[in-house]
Amino acid sequence: MPNRSAAFLVATLASLPLSTASGAQDFVESSGVLSDDDFYRLVACAAPPGAPCARPLLHWPTVQPVTVRILSMDRAFLGGKRKRAQAALVRAIQYINNAKAGIRVAQTTSAQADVNIHFIDTDGNSPLKNSGIDGADGLTVTGARVIVWSRTDTHKIQRATILFGTRLHIRHYESAMLEELTQALGLLTDIRNPVYEGVSIFSQDSNDTKQFSDQDRMALRRHYPSE
């Protein structure tokens, strides 16, 4: 696809600014329990409760499953970390597919995948350079980040890259993988709100949950309604 027809968004697991043309951030602050409408609009288009969307709604075409693979893993992740990362991807795919939304995710070992995951030997103290990874150079990775490319005319997602760094503790792999893969489906904004800490995978300040909350599941179903 020609570059002029595509745009990309970057979301982060750590509290870092979102790199977009509009300079928006990767989380929105709120307070109290949000209604389903406010929750969905916040995670889907960065809308504060009662306010307009700050980003377009991005969707994958749903004709075929979104394919995902772990494309690279540096030596810092060998051994137990590798096994934990692979298991985290399997569980994340299961949770997404079991949510009964109108989209499917499938792991692949083929030469091409819609979403490529990289575990990089970086602690986030300096930006990546000469990584050879799609969209990664110039970014810092302290936890996990997702990069999503979409067409500017249709807002259809074309591809995504997920990056994991070494500062993310192994016990957070499952939570982070589920969050980042769900964000790669277009739900790109986190919630900064104490009510959702340890409850929602979209919590900006907590990585303690390893499965969808009821509102997380609702948001995915609303973003991709079942036929």
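This is a predicted model: local features need pLDDT of at least 70, side-chain atom pairs count only at pLDDT 80 or more; totals for chains, interfaces and linings use all residues.
Local features require pLDDT of at least 70 and side-chain atom pairs count only at pLDDT 80 or more, while totals for chains, interfaces and linings use all residues. Residues are numbered from 1 along each chain as its sequence is written, and side-chain values use heavy atoms, with hydrogens and water left out.

**Disulfide**
- One disulfide (a pair of cysteine sulfur atoms within 2.5 Å) is found in a search of the whole structure.
- The sulfur atoms of Cys 45 and Cys 53 are 2.1 Å apart in this disulfide.
- The disulfide is left-handed because the torsion about the S-S bond of Cys 45 and Cys 53 is about -55°.
- Cys 45 is buried at 1% relative accessibility, whereas Cys 53 is partly exposed at 40% relative accessible area; buried means under 20%, exposed over 50% and partly exposed in between, with a 1.4 Å probe and protein chains only.

**Val 33**
- Val 33 lies in the loop between β2 (27-29) and α1 (36-45); helices (H or I, at least four residues) and strands (E, at least two) are DSSP runs, numbered from the N terminus.
- With a relative accessible area of 67%, Val 33 is exposed.
- Beyond residues up to four places away in sequence, Val 33 touches Val 195 and Tyr 196, contact meaning heavy atoms within 4.5 Å.
- Val 33 and Tyr 196 are 163 residues apart along the chain, and their C-alpha atoms are separated by 8.0 Å.

**Ser 175**
- Ser 175 belongs to helix α3 (residues 173-183) and is buried, with a relative accessible area of 1%.
- A polar atom of the Ser 175 side chain lies 2.8 Å from the backbone oxygen of Thr 209.
- Apart from neighbours within four places in sequence, Ser 175 is in contact with Asn 207, Asp 208, Thr 209 and Lys 210.

Technical notes: A polar contact is a pair of N or O atoms within 3.5 Å; within protein, one must be able to donate a hydrogen and the other to accept it, and residues adjacent in sequence count only if both atoms are side-chain atoms.
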